[in-house]
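Here is a short report to read alongside the sequence and the 3D view.

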Amino acid sequence: MALITKKIKGTEDVLPKESYRWQFVEQIMREEAKNYGFKEIRTPVFEHTELFARGVGQTTDVVQKEMYTFETKGGESVTLRPEGTAGAARAVLEHALENEGLPIKASYFVSCYRYEKPQAGRLREFHQFGLEEYGTQSPVADAELICAAQSIFDRLEIKQLRLEINSIGCPECRAKYHEALRAYFEDYKSELCETCLSRLEKNPMRILDCKSPICSKIAEGAPKITDYLCDECEEHFASVQKYLDAAGVKYIVNPTIVRGLDYYTKTVFEFVTDCIGAQGTVCGGGRYDGLIEELGGKHMPSLGFAMGLERLLMVMEKQDIEIPDFDECKLYIATMGEGAKAKAFELLKQVRESGMIAETDVIGRGLRAQMKYADKIGAKYSMVLGDNEIEQGAANIKDMETGEQKQIKLDETFLEQFAAILFESQSDSIVGGFI
Ligand code: HAM
């Protein structure tokens, strides 16, 4: 049969057989967010275009080239969120969450949309987990946020991840730095790419992020922001490092990190790996002390990070990190005849209510095909129910791996008996494991 259409370039399906990998990672993120005092926020997938233009910044690649923007039937310009920070900040402002006390701590899982050139680790629809914290300028918050990200990576057992940090200062020290950068790049005007030439006036720091080999070579000799920080920013950055040291978090100061979005101030950071190719940044974030004001609110120093789920899962696969699959079917009941079907429902209800996965035939297959299916889905135990079993009030339950069979009564103690069989097999395998 011809398919009417295929998935859109740069998007991915997560199929039933692999979704447990996502759920495992998401569960750890949820738990860590909770441990650090963050509560989930859910915001719409689209927002007024103006929010991202103002929030993310007019000079960024995201706003200039990558947004999925369209006009609605009502004539409004809306955009699919390219990231989670702007929408969360809008919601914080709109609902005046500061009235509930500061800091406000929000976590999220979002799908994001960027019209980028797809490649390994770079999609047009991707997923982020993020934490955002509003209403604190203390460097303790910066360090704590970085620790939260580190805790997640530790629990996922991800190895060879580099934490790179930098401070890109406040608007005051950055103005001086911009001047120094302009003066430096002015001498290379004839060699810079066209995009960087336009960046020279509006936002020369973006040149440091240019991927063109010529521009990045020139950028190597450019002045470093860390030499231009004002006393307050320098002190803030030193404190962040002091707290990270105290928490035993390893990092490298990399003065070339500028991040791709305009809202950042002071601390910026990235977690980078070399094991998945060019798109090795799995997490990025930092402070954005001016964003809430930019969106029309009062001054509210804030910070956050987001990590890409697809990239993280790629790293875990590359590093052979085992992800437990808790979706194992514990019991498959094969049925023969109408009476057996009804009895199976009664027994399955008991097993399912206890939180275990249990299945039966819903297609009308013959016994042999039912057993084949039980094998295919990896059922731990199977049981055949027919008129005989119902008459005797007992059936044989079979360990699908060893073939061993045990009799089980089909009465109200069914679940109890089944749980005992399961428990016994588990303790056997633990003892076996020790021997
Ligand atoms: P970002 O660096 O643009 O920052 O994205 C964060 C993470 O999302 C990246 O480190 C990467 O893992 C993932 N990511 C980004 N683009 C793609 C893509 N095209 N395909 C797959 N994964 C991607 C932000 O979005 C900020 N909102 C982070 C933040 C939160 N800063 C403060 N609070």
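## An exposed loop residue

Gln-160 has a relative accessible area of 66%, over the 50% mark, so this residue counts as exposed. Please keep in mind that we are looking at a predicted model. You can find Gln-160 in the loop between helix H5 (139-155) and strand E7 (162-167). Its backbone also deserves a look: phi of Gln-160 is near 50°, a positive value in a residue other than glycine.

## Other backbone details

Lys-266 is another non-glycine residue with a positive phi, here about 50°. Its setting is strand E9 (residues 265-272). Is Lys-266 buried or exposed? With a relative accessible area of 6%, under the 20% limit, Lys-266 is buried.

For a peptide bond in the cis form, turn to Leu-102 and Pro-103, where omega is about 0°. Pro-103 sits in the loop that runs between helix H4 (85-94) and strand E5 (104-113).

## The whole chain

Stepping back, the secondary structure of the chain comes to 15 helices and 16 strands. The radius of gyration is 28 Å, well over the 22 Å that the globule rule gives for 435 residues, so the chain is more spread out than a compact globule. Along the principal axes, the C-alpha atoms fill a box of roughly 90 × 55 × 45 Å. Buried residues make up 49% of the 435 residues.

The domain assignment gives two entries: domain 1 is made of 19-170 + 230-318, and domain 2 covers 329-424. Taken over C-alpha atoms, the centres of domain 1 and domain 2 are 48 Å apart.

## A buried glutamine

Next, have a look at Gln-319, which is found in the loop between helix H11 (309-318) and strand E12 (331-335). What is the relative accessibility of Gln-319? The value is 13%, and because buried means under 20%, Gln-319 counts as buried. The side chain of Gln-319 reaches the backbone oxygen of Lys-159 at 2.8 Å.

## Around the ligand

Now to the ligand, which is surrounded by 26 residues. The closest are Glu-83, Thr-85, Glu-116, Arg-259 and Tyr-264. By class, this shell has 11 nonpolar, 8 polar and 7 charged residues.

Which strands each supply at least two residues of the shell? They include strand E6 (125-134), strand E10 (281-287) and strand E11 (302-308). E10 gives the most to the shell, with 5 residues.

## Polar contacts and burial of the ligand

Which atoms of the protein lie 3.2 Å from an oxygen atom of the ligand? One is a polar backbone atom of Val-282, and another is a backbone N or O atom of Gly-308. On the side-chain part of the picture, a polar atom of Glu-132 lies 2.9 Å from a nitrogen atom of the ligand.

How much of the ligand does the protein bury? Taken alone, the ligand exposes 660 Å², and the protein buries 96% of that.

Definitions and conventions. Residues numbered from 1 in each chain as written. Predicted model: local features only at pLDDT ≥ 70, side-chain atom pairs only at ≥ 80, totals over all residues. Heavy atoms only, no water. Near = heavy atom within 4 Å. Polar contact = N/O pair within 3.5 Å; in protein donor to acceptor, adjacent residues only side chain to side chain. Areas by Shrake-Rupley, 256 points an atom, 1.4 Å probe, with all protein chains shown as cover. Helix = DSSP H or I, 4+ residues; strand = E, 2+ residues; numbered from the N terminus. Nonpolar A, V, L, I, M, F, W, Y, C, P; charged D, E, K, R; others polar. Domains from an automatic or database assignment. Rg over C-alpha atoms; globule rule 2.2 N^0.38 Å. Buried < 20%, exposed > 50% of the residue type's maximum accessible area, 1.4 Å probe, protein only.
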